[in-house]
Amino acid sequence: MSNSESSGNLRAKGPGHIRRKAVSVEAGSPVTFTRLREDQRLPLVVLPDGDDVELVAWAKVSRELIEASLLKHGGILFRGFDITTAAALDAFIKVVSTQAAAYQEPTSPRTHVSGNVYTSTDYPPAERILLHNENSYSASWPLRLFFCCVTPAEQGGATPVADSRRIYRRLDPRVRERFIQKQVMYVRNFGDGLAIPWQSVFNISDRAEMEQYCWQRGIEVKWKDENRLRIRYVRPAVATHPRTHDTVWFNHVLLFHIGMREPAVREALLNAFAEDDLPYNVFYGDGSRIEADDLATVSAAYDQETVSFDWRTGDVLMLDNMLAAHGREPFVGSRRRILVSMADPVVP
């Protein structure tokens with residue numbers, strides 16, 4: 001991207017408003033690079049300069065530019081290119097990614113659409129999904145995430161994002177160091193009727209094979225009876241990006257912690273289960289509870305870095321999964337349809 005990038009004349013007039021021509025990439029470019037708001041870097045916005053600009057064709061000759069922009073900003077919103085089908089999304093992903101990635105070790109239900117394209121999480125509309133980095137609890141994860149808006153919600157339903165580099169830097173150093181030193185222990189339970197069955201999560205049906213799978217990944221296995229299973233394992237709270245070498249806040253602490261659930265849901269779950277038997281929960285890596293003040297500090301850092309915008313039909317949001325966390329806001333209506341796909345798996 002040229003040094004001409006500037007957002008000084010961009011003014012946000014409401015959610016999702018963009019002033020065209022605020023940023024120029026280079027002479028003769030068929031697209032404009034801009035921002036949702038002048039004081040935020042994430043996401044960068046790409047707009048076509050005419051009705052005849054085809055996203056896949058442009059991306060084929062602009063992959064290096066897209067890559068550099070993604071690493072700088074953490075996410076790119078492609079708006080106005082009318083990508084509204086799984087096939088169109090998949091075609092775009094193939095020209096900007098190296099390898100498709102399946103949805104592995106899921107914690108939430110999704111509907112498979114085609115190939116490696118799914119619906120976004122099939123949670124009730126009123127439920128908020130807290131910000132997280134996809135599969136950061138696993139031994140491997142996708143480096144790229146793609147969201148495509150087929151049908152926006154009647155109201156709400158945004159996919160908020162936050163810069164994982166800035167979250168890391170914003171955290172109180174004492175809290176950050178505590179998580180770095182202790183790491184994070186994830187605990188998941190299966191077979192009690194609330195979580196996805198372990199056979200579906202791991203695509204394994206045999207207990208011995210499941211035990212082998214977990215042993216290879218440093219996961220502790222405890223069979224509570226014939227089909228009820230608890231797993232626990234320790235993962236880092238931070239990570240180093242393989243391309244930029246930035247240190248990033250990279251975990252599922254907020255999304256997994258029982259203390260972050262809505263009060264009524266939290267009370268119902270704790271009345272039904274011990275903390276170790278919840279569908280999922282998270283502790284410090286030594287097994288001790290994460291202190292309430294530390295959890296509040298982490299939550300505040302996310303809040304201060306969160307950026308949100310209203311979806312428009314045809315929007316495609318491309319995220320670097322290590323540089324940007326994402327979530328979901330509650331929405332009204334049942335027609336919201338956001339497609340999701342993943343690419344470029346990372347295996348440390």
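Where does His245 lie? I started my notebook there. His245 sits in the loop between strand 14 (238-240) and strand 15 (247-249). This is a predicted model, and I read every entry below with that in mind.

I checked phi at His245. It is positive, about 65 degrees, although His245 is not a glycine. Is His245 buried or exposed? His245 counts as exposed, because its relative accessibility is 58% and the exposed class begins over 50%.

Next I looked up Asp344. Its phi is also positive, near 55 degrees, and Asp344 is not a glycine either. I found Asp344 in strand 21. Asp344 counts as buried, because its relative accessibility is 11% and the cut-off for buried is under 20%.

Then I turned to helix 2 (residues 63-73). I listed its buried residues: Leu65, Ile66, Glu67, Ser69, Leu70, Leu71 and His73. After helix 2 comes Gly74, and its phi is positive, near 90 degrees.

I also looked for a cis peptide bond. The bond from Leu42 to Pro43 is cis, with omega near -5 degrees. Pro43 belongs to the loop between strand 1 (31-35) and strand 2 (44-48).

**Entry: Asn321**

Where is the place of Asn321? I traced it to the loop between strand 18 (316-320) and strand 19 (324-328). Asn321 counts as buried, because its relative accessibility is 0%. I then followed its side chain. The side chain of Asn321 reaches the backbone nitrogen of Glu134 at 2.8 Å. I set aside residues up to four places away in sequence and listed what Asn321 touches. Asn133, Glu134, Trp141 and Pro142 are among them, and so are Leu143, Leu145 and Phe250.

**Entry: nonpolar cores**

How many residues has the largest nonpolar core? I read off 41. Phe179, Phe202 and Trp249 have the most contacts inside it. Another core lies apart from the largest one. This other core has 30 residues, including Phe78, Ile83, Ile93 and Phe146.

**Entry: cysteines**

How many disulfides does the count come to? I got 0 disulfides. Cys148 is in none; the nearest cysteine sulfur belongs to Cys149, and it is 7.2 Å away. Cys148 is buried, with a relative accessible area of 0%. I checked Cys214 as well. Cys214 counts as buried, at 0% relative accessibility.

**Entry: the largest pocket**

I ended with open space. The largest pocket has a volume of about 510 Å³. It is lined by 31 residues. Which of them are closest to its centre? I wrote down Tyr123, Arg128, Ile129, Leu130 and Leu255. I then asked which strands supply the lining. Strand 7 (129-132), strand 19 and strand 21 (337-346) each give at least two residues.

Technical notes. Residues numbered from 1 in each chain as written. Predicted model: local features only at pLDDT ≥ 70, side-chain atom pairs only at ≥ 80, totals over all residues. Heavy atoms only, no water. Helix = DSSP H or I, 4+ residues; strand = E, 2+ residues; numbered from the N terminus. Buried < 20%, exposed > 50% of the residue type's maximum accessible area, 1.4 Å probe, protein only. Polar contact = N/O pair within 3.5 Å; in protein donor to acceptor, adjacent residues only side chain to side chain. Contact = heavy atoms within 4.5 Å. Core = buried A, V, L, I, M, F, W, Y, C linked by side-chain atoms within 4.5 Å. Disulfide = S-S within 2.5 Å. 1 Å grid on protein atoms, 1.4 Å probe; cavity = no way out; pocket = protein on both sides within 12 Å on 5 of 7 lines; lining within 4 Å. Points joined across faces, edges and corners; volume = space filled by probe spheres on them.
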